[in-house]
Amino acid sequence: MIKIVGIGPRREDMTLSALKALEESDVVIGYGSYTRKIIDLLDGKEVISKGMGQEVDRAEIAIKYSKKGYQVVIISSGDPGVYGMANVIYQLMGKYSQVEVEVIPGVTAVNYSAALLGSPLHDFAVISLSDILTPLSEIKRKVIAAAEADFIISFYNPRSKRRTEPLKEALKILRNIRSPQTPVGLVKTSDKGSEISIVSLQDLDEEEVDMNTTLLVGNSFTYVDEGKMITPRGYMIPHSTHPLADEFYQKYLAGEGIKGSNNVCEYYPCHNHPQNCTFCYCPFYPCGDPSTGGYWIKEKQVWSCEGCTWIHQDDTVKCIEGKLPQLLGKVEDLQDKKKELLKLRRECVYLTK
């Protein structure tokens, strides 16, 4: 029996299943730095340590011992199915018969890093920037696809002293597709702990990145608040329609609204000139999403749109009005169809931001 065990990013993050598998093992096989982390858990075991790049050798040794009747554990950092030994073992299984394998999952670097950074994950992609086994053209293709689809992107193995080109190319792609202000989280893990920082995409210094760093690149909605990186999922915040907004949308639905800039308004421009005043009152209020500039006035627990100019841009108005008539037939729909309206907002933020 071979158990492929993920020991997580740190030994204190190991699962109970991983500890039990180690306890029941006769032979433990792993990269030397991994076995050293848990050496106190390996008393009485035969420990076989191999260097980086000897993954196939480790897998063959594990299979050989298993066929002799030993209970074998082969360890990976993080999760063994994410750039770990599970892929290697199963790829070799076609050569052998009567070998039983079980994968014991572990805490991945992306989950560990996300927990330290705050709550940055929504739909996300994990991409290794190691071009040792993967052609650079394939890596670039995947980065382009993930960036254009607006996935949160986690980069593993981002950079070493000799292997710098993949990160350079990935950042070039991202800076061509994503906003310069996109938050990027860096978690650098060592035996002494984890060093955490959050910078903008435009300010990311690749010299600060090494093989022990996990990068988390935000999407169109990711923002930073009080040192935490957050990607909102779009939950609805209940709020009654303000009487002035009610009056505004009565006129809007009757075709009596103002299109474009309302230069005769005594408050124009309430943001920056020029601004599109078609939606003087936002149909999504309160969106609760700081990624476009709004924020909570915490002492009053009121959502402020003061910093949001997104709703007053021509391309935003065009996008919203493309589908708004299908959702908004009466003023009450601002409440009754709030979830659908917020989904429209997300669609237009992605298309216009």
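Author: A disulfide is a pair of cysteine sulfur atoms within 2.5 Å. The model is predicted: local features need pLDDT of at least 70, side-chain atom pairs count only at pLDDT 80 or more, and totals for chains, interfaces and linings use all residues. Residues are numbered from 1 along each chain as its sequence is written, and side-chain values use heavy atoms, leaving out hydrogens and water.

Reader: What is the angle about the S-S bond in the link of C319 and C348?

Author: The structure holds one disulfide. C319 and C348 form it, with S to S at 2.2 Å. The link of C319 and C348 is left-handed, and the angle about its S-S bond is -90°.

Reader: How many residues apart are C319 and C348?

Author: Helices here are DSSP runs of H or I with at least four residues, strands are runs of E with at least two, and both are numbered from the N terminus. C319 belongs to helix α9 (residues 314-327), and C348 to helix α11 (residues 338-352). The pair links distant parts of the chain, and the separation is 29 residues.

Reader: Is C348 buried or exposed?

Author: Relative accessible area decides (buried is under 20%, exposed over 50%, partly exposed in between; 1.4 Å probe, protein chains only). C348 has 0% relative accessibility, so C348 counts as buried.

Reader: Which cysteine sulfur is nearest to that of C280, and how far away is it?

Author: C280 is in no disulfide. Its relative accessible area is 48%, so C280 is partly exposed. The nearest cysteine sulfur belongs to C270, at a distance of 6.2 Å.

Reader: Which residues does L327 contact beyond its neighbours within four places in sequence?

Author: L327 lies in helix α9. At 17% relative accessibility, L327 counts as buried. Contact means heavy atoms within 4.5 Å. Leaving aside those neighbours, the partners of L327 are D333, K337, E340, L341 and L344.

Reader: How far apart in space are L327 and L344, C-alpha to C-alpha?

Author: L344 is one of the contacts of L327. In sequence, L327 and L344 are 17 residues apart. In space, their C-alpha to C-alpha distance is 9.4 Å.

Reader: Where is P274?

Author: The peptide bond from H273 to P274 is cis, with omega near -5°. Most peptide bonds are trans. P274 sits in the loop between α8 (243-253) and β14 (295-297).

Reader: What is omega for the peptide bond from Y285 to P286?

Author: P286 is placed in the loop between α8 and β14. The bond from Y285 to P286 is cis, with omega near -15°.

Reader: What is the relative accessible area of Y83?

Author: Y83 is not a glycine, yet its phi is positive, about 55°. Most residues other than glycine have a negative phi. Y83 occupies the loop between β4 (72-76) and α4 (85-92). Y83 is partly exposed, and its relative accessible area is 44%.

Reader: Is Q301 buried or exposed?

Author: Q301 also has a positive phi of about 55° without being a glycine. Its place is the loop between β14 and β15 (302-304). At 68% relative accessibility, Q301 counts as exposed.

Reader: Which residues does S66 touch, not counting those up to four places away in sequence?

Author: S66 is part of helix α3 (residues 55-67). Its relative accessibility is 8%, so S66 counts as buried. The residues S66 touches are M1, I2, V72 and V99.

Reader: What is the radius of gyration of the protein chain?

Author: The C-alpha atoms fill a box of roughly 85 × 40 × 40 Å along the principal axes. The globule rule is 2.2 Å times the number of residues to the power 0.38, with the radius taken over C-alpha atoms. For 353 residues, a compact globule would be near 20 Å, but the protein chain has 26 Å.

Reader: What share of contacts between residues at least 6 apart joins residues at least 24 apart?

Author: The protein chain comes to eleven helices and 15 strands. Buried residues are 45% of its 353 residues. Among contacts between residues at least 6 apart in sequence, the share joining residues at least 24 apart is 68%.
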